[in-house]
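Please look through the sequence and the model below before reading on. The report that comes after them is meant for someone meeting this structure for the first time.

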Amino acid sequence: MSVAPRPVGRRERNKQQKLERIMAAAGELFAEHGVDDVTTQQIAERADIGAGTLFLYARNKGELLLLVQNAAYAEALARGVAGAAGVDDELGAVLAIVRPVVECNRKQVDNGRTYLREMAFGDPDEPHHREALTIAAQTEAALADVLRRDGRTSDEDAAALAHVVSAVMFLAMAASATAAATVEEIVADVAAQVAVVLRGR
């Protein structure tokens, strides 16, 4: 006999609604002004909550950015994985995963670069940082799945190659030298480097 799921209580619903308001407010303000030019007080006011309540969900702007961007990156990765499923060419399938992630990162360049910095150097035990690292690991796993399709590449080699591809993509998006680069330029840069790596196997 199956047990019906318990209804969500009012307190949990209120918490979820506040979280959604915070994410919406932070996402809008970060997109409009960039993370560096937005204060936590502005986010709290737009979300119609007190600043103290805001800090129950994220301790600082870096964590707020992670909270907002993690959802966007997860959605971009899902689109990339779906796109790669229909591409037979190995490099093409890799780029099918890479492109949506790069597009997500370049929607607001400063925010995208700050997100990568927070992900790389933040506290890995903090929940929003941990989620960002999980998405990065899922990206590598998706790349490894593509790279082992040929049946000749071992799981270990596919994982190592995926790590290299991920590092190339990360540096192409995060480097100061590419701050003004377009999505097409970054994808082309990643493609050129990954093509060399794949030929060298």
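This is a predicted model: local features need pLDDT of at least 70, side-chain atom pairs count only at pLDDT 80 or more; totals for chains, interfaces and linings use all residues.

Residues are numbered from 1 along each chain as its sequence is written, and side-chain values use heavy atoms, with hydrogens and water left out.

**Overall fold**

The chain holds nine helices and zero strands, where helices (H or I, at least four residues) and strands (E, at least two) are DSSP runs numbered from the N terminus. Along the principal axes, the C-alpha trace spans about 60 × 55 × 30 Å. Of the 201 residues in the chain, 39% are buried, buried meaning under 20% relative accessible area, exposed over 50% and partly exposed in between, with a 1.4 Å probe and protein chains only. Among contacts (heavy atoms within 4.5 Å) with a separation of 6 or more, 67% join residues 24 or more positions apart.

**Two helix pairs**

Two packed helices are described by the angle between their axes and the distance between the axes. Here the axes are lines fitted to C-alpha atoms, for helices over the stretch in contact, and the angles run from 0 to 180 degrees between N-to-C directions.

The axes of helix 4 (residues 61-84) and helix 7 (residues 127-147) come within 9 Å and cross at roughly 15°. That angle makes helix 4 roughly parallel to helix 7, since angles under 35 degrees count as roughly parallel, over 145 as roughly antiparallel, 65 to 115 as roughly perpendicular and the rest as oblique. The residues in contact include Leu 66, Tyr 73 and Leu 77 of helix 4, and Ile 135, Ala 142 and Val 146 of helix 7. By class, this contact of helix 4 with helix 7 has 11 nonpolar, five polar and two charged residues, where Ala, Val, Leu, Ile, Met, Phe, Trp, Tyr, Cys and Pro count as nonpolar, Asp, Glu, Lys and Arg as charged, and the others, Gly among them, as polar.

In the second pair, the axes of helix 5 (residues 90-105) and helix 8 come within 11 Å and cross at roughly 30°, which makes helix 5 roughly parallel to helix 8. Val 94, Val 98, Val 101, Val 102 and Asn 105 in helix 5 meet Val 165, Met 169 and Met 173 in helix 8. This contact of helix 5 with helix 8 comprises seven nonpolar, one polar and no charged residues.

**The core**

A nonpolar core is a set of buried Ala, Val, Leu, Ile, Met, Phe, Trp, Tyr and Cys residues joined through side-chain atoms within 4.5 Å. The largest one has 57 residues, and those touching the most other members include Ile 22, Phe 30, Ile 43 and Val 94. Leaving aside residues up to four places away in sequence, Ile 43 touches several residues, among them Ile 22, Phe 30, Leu 54 and Leu 64.

**Single residues**

| Residue | Relative accessibility | Class |
|---|---|---|
| Ala 24 | 36% | partly exposed |
| Ala 175 | 28% | partly exposed |
| Asp 48 | 64% | exposed |

Ala 24 lies in helix 1 (residues 10-33), and its C-alpha atom is separated by 8.0 Å from that of Val 68, 44 residues apart along the chain. Ala 175 is found in the loop between helix 8 (155-174) and helix 9 (183-199). Asp 48 belongs to the loop between helix 2 (40-47) and helix 3 (51-57), and the phi of Asp 48 is near 60°, a positive value in a residue other than glycine.
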